[in-house]
Amino acid sequence: MNTATFSIFRGDSNGGKFEDYTTEVSEGMVVLDAVHGIQSAQANDLACRWNCKAGKCGSCSAEINGMPKLMCMTRLNSLPLDKPVTIEPIKAFPHVRDLVTDVSWNFAAKMKIKKFKPRPPDAPDGSWRMAQGDIDRVQEYRKCIECFLCQDVCHVLREHNKHDEFIGPRLLVYTAALEMHPLDTEDRLQDLKNAHGIGYCNITKCCTKVCPEDITITDNAIIPLKERVVDEFYDPLKRLLRLLRPKPKPENDHV
Amino acid sequence: MREIKEGRGSPHGGVFLDIAWIKEKIADAAAHIQRKLPSMYHQFKQLADIDITQEPMEVGPTTHYAMGGIRVDADTQMSNVPGLFAAGECAAGINGANRLGGNSLSDIIVFGKRAGEFAAKYVKEHGAGQVNNDQIDEAVRRSLEPFERGATKGGGAEGPYQVQAELQEMMQDLVGIVRTEDEMQRALDGLGKLWERTRKVAVYGHREYNPGWHTAIDLHNLMTVSEAITRSAIERKESRGAHFREDYENKDAAFGKVNTVVSKAADGSMQVRREPIPVMPEHLKQVIEEMK
Ligand SMILES: Cc1cc2nc3c(=O)[nH]c(=O)nc-3n(C[C@H](O)[C@H](O)[C@H](O)COP(=O)(O)OP(=O)(O)OC[C@H]3O[C@@H](n4cnc5c(N)ncnc54)[C@H](O)[C@@H]3O)c2cc1C
Ligand code: SF4
Ligand code: SF4
Ligand code: FES
C-alpha cells in the first residue's frame, strides 16, 4: 500500500502550526478520506467539518495546497503526492479549530437581504404561470451549495475585511436569484448599491474560478446586478423619473 | 445482494448499472441524461472518471433512511416523555415499512411545523418545568468520562473511531439488506462485545470542537439504535417493505397488524413487544377512498 504525507494546520484561538501526518492512500481516494484516516488513527481530536462526502452540503471547504476546494471532491490523484499536501482552513472567517472556521457571518448577512416577494397569484387556485425560459435563468444560481469558497477568495472580504459593507459573491448570487426571479416584485437595487456594497467588486473573477458548482458568478450574477444598479442610479432619465414618480408598490403585499 | 454474497458482484462488491442504453431509444441521449441526472453525472465524472452517458457505473446499496424511530403521537408529535417532541427521520411511523421517494421532504415540512406548533403550545400551557440537577450532573459526568480514561496521542486506550467502524461494518454485513435469524443473532453477540468497548473508549485533547469526543458520546446512541434495529428485525419474522428476511420471504398478515415497539426495562435492558397498529381515523380512510 502506498503512503502520502499531509501537512495539516492544527490550532485554535491560541495559535497553531502545520503538523505532518503520513497515512495509507489507495485508488479513488479524496482528500477528505485521508483526513478521516488520520483522524481515526493518529489525531482523534482533529477538527474538520463534513457531512455528505458528495460535494452537495458545502461543509468540507478547505485550502488544499493553497487552493480553496471541497475536500470530498478533491481526488488524491489530482495532487502531487511526492511532497506533503498542505491542508488549511479557509481564511475569510474567524478560525475555530484546526480546519474549522465559523461561517455564521454568511447566514447573518443573508438575513439582511430582502426576501422573495412574489406578485399575486395568476390563477384563482393560488398558482402562477411562468415561461420556462424566464425561470431557466435562475436555475444556475440555485446550484449554490453554500461552501463559501468564493467568499474565501474574494479579496474584499479576505484581505480588506469589508464584512460590514460587502455581502460577497455568494450572497450576490443569492440576490441575483431573487432579483431575476420572474415572479419577484421586490426592489433590492438601493440595498445592493449601499448596504450590500456591490461597488466593491472589481470583477477580478477569482470567485468564479473556485466555485465547485461551476456557477458563472461574475458574468451571470454580479455583472447583471451591477448593470441594473447602474441603470437605476446613474441613468439620467431614470433619475429624473424616480424623482417625479416613486416606484409603484404592488397591491397585494403578503408573501 | 444474494448474487453479490455468492461472489457474482462487480469488482468493488456492487453491481453495474447501465443507463447509456437510452441512446438507442432517444436522440441526444447524452444531453438528456445530463439534464435529468446532473449531480450523478458530475459526481461520477469528477470522482471516478466515468461518463455515465457512455458507460455503465458501479453501484452498491447503502443506508438511505431509518424507517423506525422515536414513537410519537401522530397529531402533536410528542413522545411519551412529556414535552419532548420529535419530527422527521428521527420519528417513527409515517412511512410504514418503506419510505417512498420524495416523501421525507413532505414529512419534515408538515410534521416539523406541527411539532413546532405543539411544542410552543405545550410550553405556554405547562411553563418551563422542573430541572433535576442531579440528572444534569450525571449527564455531565458521563459525557466527560472518555477524557479520564488515560488516552494519549500515542495510544493508551482504544479510541472511538475503531469501535464505530467495526459497528458499521458488522451492521452492514449482518443486519443489512438481506437478513437471516442466524446472522442477526451473531450481530447481537457482536453488539454485546461492542457495548463493552463503547463503555471504555477514551479520548484526548480539549473540549472545543473535538470530533473524537463527540464520536465517543455518539457511539452510545449508535449502539442503542443498532441494537433496537437488530432486535426488532429478529422479532419480525416476515418480509415487508425494506425489511427482507431470507428465512421468511413473504409477508405475514398477522405481522401486518402490529408495530414493533422497543423500550427500556427497569434493569436497563432492551425490551421488544408488539402493539396493534392504531386504527385509521374515518376522515383519513375517506381521503384514501377519494384518491382511489
Ligand atoms: C443519500 C440520500 C438521499 C436522499 N434523497 C431524498 C430525496 O430525494 N427526497 C426525500 O424526500 N428524501 C430524501 N432522503 C431522505 C431525507 O434527506 C432525510 O430523511 C431528511 O433530510 C431528514 O431530515 P431531518 O431534519 O429529519 O433529519 P436530519 O436532516 O438528519 O437532521 C438531523 C440534525 O440533527 C443534528 N444532530 C444530531 N445529533 C445531534 C446532537 N446530539 N445535538 C445537536 N444536533 C444533533 C444533525 O447534525 C442534523 O443536522 C435522502 C437521504 C439520503 C441519505
Ligand atoms: S469578482 Fe468581485 S466578488 Fe468575485 S472575487 Fe473578485 S471582487 Fe470578489
Ligand atoms: S457560489 Fe459557488 S463557491 Fe460560492 S458558495 Fe455557492 S457553490 Fe460555493
Ligand atoms: S462533505 Fe459535503 S461538500 Fe464535502
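Chain B is divided into domain 1 (2–59), domain 2 (63–128) and domain 3 (149–292), with the bounds coming from an automatic or database domain assignment. The C-alpha centres of domain 2 of chain B and domain 3 of chain B are 19 Å apart, and their contact (heavy atoms within 4.5 Å) takes five residues from domain 2 of chain B and seven residues from domain 3 of chain B. This is a predicted model, in which local features need pLDDT of at least 70 and side-chain atom pairs count only at pLDDT 80 or more, while totals for chains, interfaces and linings use all residues. Residues are numbered from 1 along each chain as its sequence is written, chains are lettered from A and ligands numbered from 1 in the order in which they are written, and side-chain values use heavy atoms, with hydrogens and water left out.

**Confidence**

- The model has an ipTM of 0.88 and a pTM of 0.90.
- For chain B the mean pLDDT (the predictor's confidence in each residue, from 0 to 100) is 92, and 99% of the residues of chain B reach 70 or more.
- Within chain B, the lowest confidence falls in helix H1 (residues 2–8), at a mean of 84, and the highest in helix H7 (residues 181–198), at 98; helices (H or I, at least four residues) and strands (E, at least two) are DSSP runs, numbered from the N terminus.

**Ligand 1**

- The residues surrounding ligand 1, with a heavy atom within 4 Å of it, include B:His64, B:Tyr65, B:Glu89, B:Arg99 and B:Ile108.
- By class, this shell holds three nonpolar, five polar and two charged residues, where Ala, Val, Leu, Ile, Met, Phe, Trp, Tyr, Cys and Pro count as nonpolar, Asp, Glu, Lys and Arg as charged, and the others, Gly among them, as polar.
- A polar side-chain atom of B:Ser104 lies 2.7 Å from an oxygen atom of ligand 1, a polar backbone atom of B:Leu105 is 2.9 Å from an oxygen atom of ligand 1, and a backbone N or O atom of B:Gly102 lies 3.1 Å from an oxygen atom of ligand 1.

**Ligand 2**

- Around ligand 2 stand residues of chain A, including A:Cys154, A:His155, A:Cys201, A:Lys205, A:Cys206 and A:Cys207.
- Helix H8 (206–210) and helix H9 (217–234) of chain A each supply at least two residues of this shell, which has seven nonpolar, four polar and one charged residues.

**B:Arg240**

- B:Arg240 is placed in the loop between helix H8 (211–235) and strand E4 (244–245) of chain B.
- A polar atom of the B:Arg240 side chain lies 3.2 Å from the backbone oxygen of B:Asp252.

Conventions:
A polar contact is a pair of N or O atoms within 3.5 Å; within protein, one must be able to donate a hydrogen and the other to accept it, and residues adjacent in sequence count only if both atoms are side-chain atoms.
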